[in-house]
Amino acid sequence: MLKSIYKPTTVTALLAASLSVGLNVVSYAAPNKVVANAPTSSKSKQTLSARVSTEVQEADKLMARGKYKEAEELYHQALNVNSKDVAARAGYGLALAKGFKLDRAQEEFDKTILDDPKNALAHCGKALIDLYRLQSSNVTTQNNKASLLRNAGEECNKAFDGDTKVPEVHYTLGLIFKEEGRLDKAEQAFNGALKIDPKYSDALTGLGLVKLQQNNLTSAVDNFKQAIAQNTGNSTAHFGLGQAYLKQNQLDQAISELNTSLYQNTNSAPVHLSLGRAYELQGNSVAAVKEYQESIRIKPENPSAYLGLGNIRDARGDIELAIAEVRSGLELSPNSPDLHLRIATDSMKIEKLDDAIKEYETALTLSPRNPSAIDGLTTAYYLKSQKETSGAFIATNDFEKAQTMINNAIKLNPDSLQLRLAQAKLKALAGEPVNLATTGVPTNDGERIEMAEALLAQNNFQGASMQMNTVIGNTRTARDAMAVGDLALMIKDLNSAEAAYKKASSMPDLKDMERAKRGLANVAKARDKAKQQQTLADDLAKRKQLASAIDNYHAAIFANPRQADAHYGLSEALERLYPDSPKDLRESSTQLRAYVSLTPNLPPKEAEKIQKHIGKLDEKAFKIDQKIAKKHSATNVVAQR
């Protein structure tokens, strides 16, 4: 939450407020707790103070312009003249609070309440202090967030007991509801403040921030512009307008508004963060890094800044450095699922699959309904099965754990097509028949990518290509096209990765040509690596070093699953080395099916010959299984006798 310029309601203004305003007062109740509405009319000892001193009136004007230090001095002068001046002491406390001298402000509000127990501004000020404390990086404070918000809400209720016509109280209550995520209540509270004072800049800003969170950008922009029209010094309004422009990809306008906000409030972590994001989208990575680092300096426990730095390191190809940046964020925010997800995704890019699995599992523990974590976990297991042998992987505890986790996630989120496609991917790895036609039809690009991965697990390469081509065709910016290329490269779909990077290279909005060239170079490097592994495997097979040949065929397929000859070579090597192993015979059969899928233009006779051999392998594996079962049965009978 940013500091915004305070627009005070002076004692004289309170006296002049129309008593005929009909207010539907929104009172605070902790989540899941219901309380009666606050009284709609009451009196405070403030109303006795028609005799507002000149110093207080001048201090009020300074507060309206955001000159808190000068206002603080004038309020203090008024108190030196009359230590019983309730209006001066309440104003003095608010000036201290706005200057973030929170402990001193607390003392002044407590003194005010001793003289006037129902002083609305003093109780409102105490609520603001609790809200401002939440900006601290202190871990204890952050852990007590719910308690602080509840205390702040109760102070607002006490303020309403004193006077319901003070717009600052309604505004402060709106901030509390917004912090709790209760946007409908926040909107009601901000509107309550505007009903008393339609030109209240802070309330217009609060309303804009609610609309921004609801993604109602048109209304948000309108609210922020109205707030700035009333008070050009409202730093939060400029920040909100910058955020709205950023969401609309109007980057120049966003940067202009954010810089205005930063000029007015130089020590704002959220503004530096948003500026970093805007510069990143512009392709100005040097400026983006500077802003992200400044945001971390001010508020080191904010995960978003570390993720932003990770984005830039990723774009430069510095994956290890990206992981290090994000890990430094975990030291202060160990329970952030987003940070764990990012480390997991980057770990997969550099083929540290066990690290990726560990991080995805942690993210799922923290966020059990997170489809991205489930998708990433199944993708990591899918790649692990390619790197090793599918049969060996399926026999491990890892596979059972993956199945259990995804089944639990589906129970929590049964309507998620992404989760069901991930489940289909695991079933395909286990050799279970999967009918993806009954799973559901992808409705967005995220689900299409999931479908492509599930099809790859079934060795349905043509179907996977169709889904990925649709996704690539839907990209509208170079940034989006490169993101698809990065993902395709990570899952070793080199054809799709190449197509995505080439599309990015041809798009007019490309800001970083080197980035696209690097992506295409990585595709070529992966192809070369896969070809080298296959050549080595072929040589080893010729020298009858079949175990080593199998390992290298697996490595070649992991590097490029669409390498047809590697699948064929692996099938032959498995059949030769393990002619009596049903598990390996079935994998040999699976590899031959992959070969057929990747070579649709085989001569009819050769295709028929391979299909017959696939049938023989499956039949042989079945018969061996039967023999083993009979042998075990006979052994058990003897043992029982």
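## Salt bridges and helices in a predicted all-chain model

The side chains of Asp346 and Arg342 meet in a salt bridge, with 3.4 Å from N to O, where a salt bridge is a side-chain nitrogen of Lys or Arg within 4 Å of a carboxyl oxygen of Asp or Glu. This is a predicted model, in which local features need pLDDT of at least 70 and side-chain atom pairs count only at pLDDT 80 or more, while totals for chains, interfaces and linings use all residues. Residues are numbered from 1 along each chain as its sequence is written, and side-chain values use heavy atoms, with hydrogens and water left out.

**The protein as a whole**

- The protein has 33 helices and zero strands, both taken as DSSP runs numbered from the N terminus (helices are H or I with at least four residues, strands are E with at least two).
- Of the 641 residues in the protein, 51% are buried, where buried means under 20% relative accessible area, exposed means over 50% and partly exposed lies in between, with a 1.4 Å probe and protein chains only.
- Among contacts between residues at least 6 apart in sequence, 58% join residues at least 24 apart, a contact being heavy atoms within 4.5 Å.
- The accessible surface comes to about 29400 Å², and carbon and sulfur atoms account for 50% of this area, which was computed by the Shrake-Rupley method with a 1.4 Å probe, where for residues only the protein chains shown count as cover.

**Salt bridges within helices**

- A search of the whole structure finds 38 salt bridges.
- Side chains of opposite charge can pair when their charged atoms come close.
- Asp346 and Arg342 both belong to helix H19 (residues 337-349), where they are four residues apart, about one turn of the helix.
- Asp346 counts as buried because its relative accessible area is 1%, and Arg342 is also buried, at 14% relative accessibility.
- In helix H2 (residues 54-64), Glu58 and Lys61 are three residues apart, about one turn of the helix, and their side chains meet in a salt bridge of 3.6 Å, N to O.
- Glu58 is partly exposed because its relative accessibility is 36%, and Lys61 is partly exposed with a relative accessible area of 47%.
- Helix H29 (residues 513-542) holds Lys517 and Glu514, three residues apart, and their side chains form a salt bridge of 3.9 Å, N to O.
- Lys517 counts as partly exposed at 48% relative accessibility, and Glu514 is partly exposed at 48%.
- An α-helix has 3.6 residues a turn, so residues three or four places apart point the same way.

**A salt-bridge network**

- Salt bridges link Arg89, Arg104, Glu107, Glu108 and Lys111 in a network.

- Helix H16 (residues 285-298) has 14 residues and reaches 20 Å from its first C-alpha to its last, close to the 20 Å expected at 1.5 Å a residue, the expected span being 1.5 Å times one less than the number of residues.
- Among the buried residues of H16 are Ala287, Val289, Glu291 and Tyr292, and the buried residues of this helix pack against helix H15 (269-282) and helix H17 (303-315).
- Glu325 is found in helix H18 (residues 319-330) and counts as buried because its relative accessibility is 15%.
- Leaving aside neighbours within four places in sequence, Glu325 is in contact with Tyr306, Leu309 and Arg313.
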